[in-house]
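Visitor: I would like to go through the helix packing here. Please give the cut-offs as we go.

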Amino acid sequence: MIRGFRMLTMRPLFTFAADKTPATTQGKQQQAKPIQVYKDGQLITKNYLQLKKSQDIEGYVLTLVKNYYRTTNKSALTLDSELEQHGLDSLDSIELSMQIEEDLGYVISAETLPVLNKVRHYVNYIKQVEQYKVENNAVPLA
């Protein structure tokens with residue numbers, strides 16, 4: 001027997017958010033976490049961006065990609081542009097997807113990410129999620 005050895009307790013190295021919620025609230029839908037944005041020079045608190053019209057979705061995605069710090073040739077960016085034409089790779093696609101998740105409250109699955117190669121792919125994805133929300137009154141899981 002080794003001196004000074006004591007029995008280690010089995011503790012998890014990490015916990016999931018679902019593990020921390022009490023049993024009484026697990027069945028309820030989670031409330032959206034409010035975010036703060038500047039509009040007309042004032043700080044406004046709102047839940048998530050609401051994109052209903054096709055023009056709003058296209059404008060949001062174009063602005064998102066144009067304002068991304070690694071995008072090159074920003075003036076030539078269109079809906080049919082491929083991300084690779086503007087210096088963006090798969091890791092940049094992940095970062096853009098994370099920004100969409102933060103702004104709109106969606107969850108983009110890892111299986112969907114390789115398909116998002118063009119600006120129009122992001123627009124179509126958001127349109128499909130918005131349509132699903134209207135038809136089913138809920139956000140899709142992935």
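Visitor: Is the crossing of H2 and H3 left-handed or right-handed?
Guide: This is a predicted model, where local features need pLDDT of at least 70, side-chain atom pairs count only at pLDDT 80 or more, and totals for chains, interfaces and linings use all residues. Residues are numbered from 1 along each chain as its sequence is written, and side-chain values use heavy atoms, without hydrogens and water. With helices taken as DSSP runs (H or I, at least four residues) numbered from the N terminus, and handedness set by the near helix being turned from the far one by less than a right angle, anticlockwise for left and clockwise for right, the crossing of H2 and H3 is right-handed.

Visitor: How is H2 oriented to H3?
Guide: The axes (lines fitted to C-alpha atoms over the stretch in contact, angles 0 to 180 degrees between N-to-C directions) of H2 and H3, residues 90–104, come within 11 Å and cross at roughly 130°. Under 35 degrees is roughly parallel, over 145 roughly antiparallel, 65 to 115 roughly perpendicular and the rest oblique. H2 is therefore, relative to H3, oblique.

Visitor: Which residues of H3 make the contact with H2?
Guide: Contact means heavy atoms within 4.5 Å. Tyr 60, Leu 64 and Val 65 of H2 meet, in H3, Leu 96, Gln 99, Ile 100, Asp 103 and Leu 104.

Visitor: At what angle do H2 and H4 pack?
Guide: H2 spans residues 54–67 and H4 residues 119–136, with axes 9 Å apart. Their crossing is right-handed, and the two are oblique to each other. The angle is about 135°.
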